[in-house]
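Please open the model in your viewer and keep the selection panel at hand. The tour below moves from one selection to the next and says what is to be found at each stop.

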Amino acid sequence: MAADQNIATLLAVGRRTEAFEALLAAYQDKVFRLCYSMLGDRAQAEDAAQESFLRIWKSMERYRGDAALGTWIFSVARNVCLTAISKRAAFRSAPIEEAERVTPEAPQRERDLLYLVGQLPENYRRVVMLFYMQDRSYEETARMLDLPMGTVKTHLHRARQQLASMVKEADRGVRRV
Amino acid sequence: MAFDEFDERYIDEELTRAFAGTSAPVSLATSVMNRVRMPTPTRLPELLDAIASMGILAFAASIVFFVILK
């Protein structure tokens, strides 16, 4: 990745602030998406992304290029999110609140779908959200979640199947009423 | 819920619509840079406190030594 090369060069010549600014520009969307997919809430995702970048800033000088820059950044963000998850009790209800609170103007169908995504098992939900936020890239989703690409594909397939049956079920309920 | 089709392809399209283009809030980079540029808190007050405490202790010790013990 050209941006990574540029960041590494800036770091090597001691231009830490410039390197960090370039890193922030290149990774802010990706880190935010990773946090959003793990936490299921935009506000919490923003806090976690901020915390991740601050940790990256503090430990930047110790980065020696042993792992790819992206891998290192995503592992920092994942750890921050895992800490945030362990701190909160009502994790499962967050995506539901999100669908209702943040996107009141979203079409009903989309809100229903977001609600159903929130009902998926956690490992499926993360993969689904990240894959679709990441412009449907298997490779990037796998890299960000540190999962094999085959696992991402399997999770996605099963999640879509579950969602389809949940939609059918919900629709049957509506028709009955 | 008004879904007309329930197959996987349809779900795929709906998910694409729901999540595509999700990006970081515009305030994220600014907030991060503001926090990065925040000056590191100085340890000078603690250092001055320690020096003052040592001075008081030395003074008390010298009083004890020269006035009481001698």
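The stops that follow begin with a whole chain and then go on to single helices, helix pairs, the chain contact and a few loop residues.

**Before selecting anything**

This is a predicted model, in which local features need pLDDT of at least 70 and side-chain atom pairs count only at pLDDT 80 or more, while totals for chains, interfaces and linings use all residues. Residues are numbered from 1 along each chain as its sequence is written, and chains are lettered from A and ligands numbered from 1 in the order in which they are written.

**Stop 1: chain A as a whole**

Chain A holds nine helices and zero strands. Of its 177 residues, 38% count as buried; a residue is buried if 20 or more other C-beta atoms, placed from the backbone, lie within 10 Å of its own C-beta, exposed if 12 or fewer do, and partly exposed in between. Two residues are in contact if their C-beta atoms, placed from the backbone, lie within 7 Å, and among the contacts in chain A between residues at least 6 apart in sequence, 56% join residues at least 24 apart.

**Stop 2: helices α3 and α4 of chain A**

Next select residues 42-59 of chain A, which form α3, together with residues 69-87, which form α4. Axes are lines fitted to C-alpha atoms, for helices over the stretch in contact, and angles run from 0 to 180 degrees between N-to-C directions. The axes of α3(A) and α4(A) come within 9 Å and cross at roughly 130 degrees, which makes the pair oblique; angles under 35 degrees count as roughly parallel, over 145 as roughly antiparallel, 65 to 115 as roughly perpendicular and the rest as oblique. To find the contact, display A:Gln44, A:Ala48, A:Glu51, A:Ser52, A:Arg55 and A:Ile56 on α3(A), and A:Ile73, A:Val76, A:Ala77, A:Val80, A:Cys81 and A:Ala84 on α4(A). By class, these residues are eight nonpolar, two polar and two charged, where Ala, Val, Leu, Ile, Met, Phe, Trp, Tyr, Cys and Pro count as nonpolar, Asp, Glu, Lys and Arg as charged, and the others, Gly among them, as polar.

**Stop 3: helices α6 and α7 of chain A**

Move on to α6(A), residues 108-119, a helix of twelve residues that reaches 17 Å from its first C-alpha to its last, close to the 16 Å expected at 1.5 Å a residue; the expected span is 1.5 Å times one less than the number of residues. Its buried residues are A:Asp112, A:Leu113, A:Leu114, A:Leu116 and A:Val117.

Then select residues 122-133, helix α7(A), which also has twelve residues and reaches 16 Å, close to the 16 Å expected. How much of α7(A) is covered? Ten of its twelve residues are buried, among them A:Arg125, A:Arg126 and A:Phe131.

**Stop 4: across to chain B**

Now widen the selection to the contact between the chains, which takes 32 residues from chain A and 25 residues from chain B. On the chain A side, α2, α3, α6, α7 and α9 each supply at least two residues, and the largest share, nine residues, comes from α9(A). By class, this side has 19 nonpolar, three polar and ten charged residues.

**Stop 5: loop residues with positive phi**

Just after α7(A), select A:Asp135, which takes a positive phi of about 55 degrees. A:Arg136, in the loop between α7 and α8 of chain A, has a phi near 55 degrees, a positive value in a residue other than glycine, and counts as partly exposed with 15 C-beta neighbours inside 10 Å.

Finish at A:Asp146, in the loop between α8 and α9 of chain A.

Conventions: Helix = DSSP H or I, 4+ residues; strand = E, 2+ residues; numbered from the N terminus.
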